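Consider the structure shown below.

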Amino acid sequence: MIWGDGLQQDTVLKVGLVGSGFSARFHYEALERVYGVDRRVVGVYSPTPENCDSFARERGIEAYPSLDSLIEAVDVVHVCTPPSTHERIACAALSAGRSVIIEKPFTGYFGENEEDFDGRTFDRERGLNGALASVQRIREAEQRSRGVVMYAENWVYAPAIQKEREVLEKTGGQIVWMHGEEAHSGSHSPYYGIWKYSGGGSLMGKGVHPLTAALYLKQVEGRARDGKPIRPASVSCRTHLITGSEAYRDAGYLRTGYRDIEDFAGIHITFDDGMCADVFASELVLGGVHNWLEVCANNHRTLCNINPNTAMQTYNPEESQFSDIYVVEKTGTKQGWAFTSPDEDWFTGYQHEMQSFYTDLASGRTPESGSLLGGDTIATVYAGYLSASRGAQEVEVPRVL
Ligand SMILES: NC(=O)c1ccc[n+]([C@@H]2O[C@H](COP(=O)([O-])OP(=O)(O)OC[C@H]3O[C@@H](n4cnc5c(N)ncnc54)[C@H](O)[C@@H]3O)[C@@H](O)[C@H]2O)c1
């Protein structure tokens, strides 16, 4: 196998999944839809043997007893595990010469194994430095490795964002302002509300999606016009725990009970060229997932609707009729008008990111979303947390090298 120069013609890429939960499932399904590149999912490893075994059995793949044994058996490792584990798994795979596909968020700061670590009170400067050090360790492991890092931020590959890439490249447009959001009524994963596993709240768990897409499009713009990416320079940010405030009146529709994270974030980003973007992320929005990015350029304007969009709308007079019909992510009810998604994974870019990663691996092409974009996202998020701890004071985004 020849990494970096494309693959020999008859190479079959052997693929391993780490994690057997939600994201491992959609990675597997997206892998099934990849065309034109020979690849075979050989196995899965996760530390809960029953889940790992049933995940493997249902798909006819092998359940590996340890991370090392899985890494040994494959060429590409998919990191589909909680954020606090991404760095360790990615670095183990890279040091064995494997390529890695790391789910969002790239990495972060999860405390330093303190029993009583509290996401509300730790020093945000320590958090920023810790998160950056983690980014650097992954990038250094990549530089030493034959493998490459692919950052699985599906928004980068979502058809709407890729169409906007084409518009920017062909028109030479300058993005003057972007605004975007990822929000819904609250994540139900029990780990989600706990900083030492998630590395943050809404900004980290949800905001990274529109944020990475915005950072990506400024990279595209800079590369197209001047041959180098335009990168984030500074941020100003506010975060709140709205559902935890004394004044909040719980009507029962939004998730509550987050331990030590925020459930609302607003971050203002200024880029190297002085242009800007605003990203909102929250657990406070009813009516299904609300994921969009609007691009205001000097020569055009684009609204990228990731979800919902109007590809299909259904009117259902009676909830029970749709009991076994999937409509759209996180919708509270299926009665009445709905933004039914005919192929949600397509609109969110899951299969496009997998297709692109495997085409890149086979051809030796640099991934559109790699460790620099993942690293810039994390530097921006943790500069945001530092800014929020200082009452939204402007904070420089440290340069990921
Ligand atoms: N791109 C997206 O739209 C999207 C959606 C959901 C989740 N995610 C990301 O995917 C990642 C996993 O989230 P999920 O929803 O699949 O979680 P999940 O809880 O459904 O699954 C996590 C899996 O990781 C395994 N695991 C936990 N610790 C491990 C360790 N130390 N080593 C190996 N395996 C370990 C668990 O056993 C489980 O199988 C997170 O980073 C999350 O942000 C991305």
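**A walk through the predicted model**

Val285 counts as partly exposed because 19 C-beta neighbours lie inside 10 Å. The scale behind that label calls a residue buried if 20 or more other C-beta atoms lie within 10 Å of its own, exposed if 12 or fewer, and partly exposed in between, with C-beta atoms placed from the backbone. The structure is a predicted model, in which local features need pLDDT of at least 70 and side-chain atom pairs count only at pLDDT 80 or more, while totals for chains, interfaces and linings use all residues. Residues are numbered from 1 along each chain as its sequence is written.

Val285 sits in the loop between strand 10 (276-282) and strand 11 (290-297). Helices (H or I, at least four residues) and strands (E, at least two) are DSSP runs, numbered from the N terminus. Not counting residues up to four places away in sequence, Val285 touches Ala183, His184, Ser185 and His290; two residues are in contact if their C-beta atoms, placed from the backbone, lie within 7 Å. Tyr253 is 32 residues from Val285 along the chain, and the C-alpha atoms of the two are separated by 9.6 Å.

The contact between the domains takes 44 residues from domain 1 and 38 residues from domain 2. On the side of domain 1 that touches domain 2, at least two residues each are supplied by helix 1 (22-32), strand 5 (99-103), helix 5 and strand 6 (149-152). Helix 5 gives the largest share of that side, 10 residues. By class, the side of domain 1 that touches domain 2 has 26 nonpolar, 8 polar and 10 charged residues. Here Ala, Val, Leu, Ile, Met, Phe, Trp, Tyr, Cys and Pro count as nonpolar, Asp, Glu, Lys and Arg as charged, and the others, Gly among them, as polar.

Which angle do helix 5 and helix 12 make where they pack? Helix 5 (residues 124-144) and helix 12 (residues 371-389) pack at about 175°, and their axes are 8 Å apart. The axes are lines fitted to C-alpha atoms, for helices over the stretch in contact, and angles run from 0 to 180 degrees between N-to-C directions. Helix 5 is therefore roughly antiparallel to helix 12, a label given to angles over 145 degrees, where under 35 counts as roughly parallel, 65 to 115 as roughly perpendicular and the rest as oblique. Among the residues that helix 5 brings to this contact are Leu128, Leu132, Val135 and Ile138, and those of helix 12 include Ile378, Ala379, Tyr382 and Leu386. By class, the contact of helix 5 with helix 12 has 11 nonpolar, 4 polar and 4 charged residues.

The core draws at least three residues from each of domain 1 (13-152) and domain 2 (157-396). Leaving aside neighbours within four places in sequence, Val79 is in contact with Val18, His86, Ile89, Ala90, Val100, Ile101, Ile102 and Glu103.

Is Met354 buried or exposed? Met354 counts as buried because it has 28 C-beta neighbours inside 10 Å. Met354 lies in helix 11 (residues 350-363) and, leaving aside neighbours within four places in sequence, is in contact with Ala30, Leu31 and Val34.

A cis peptide bond joins Lys104 and Pro105, with omega about -15°, and Pro105 is placed in the loop between strand 5 and helix 5. Another cis peptide bond joins Asn307 and Pro308, with omega about 0°; Pro308 lies in the loop between strand 12 (301-307) and strand 13 (314-316). Lys330, a residue other than glycine, has a positive phi near 65° and lies in the loop between strand 13 and strand 14 (336-338). Phi of Ala392 is near 75°, again positive in a residue other than glycine, and Ala392 lies in the loop between helix 12 and strand 15 (395-396).

Key
Domain bounds come from an automatic or database domain assignment.
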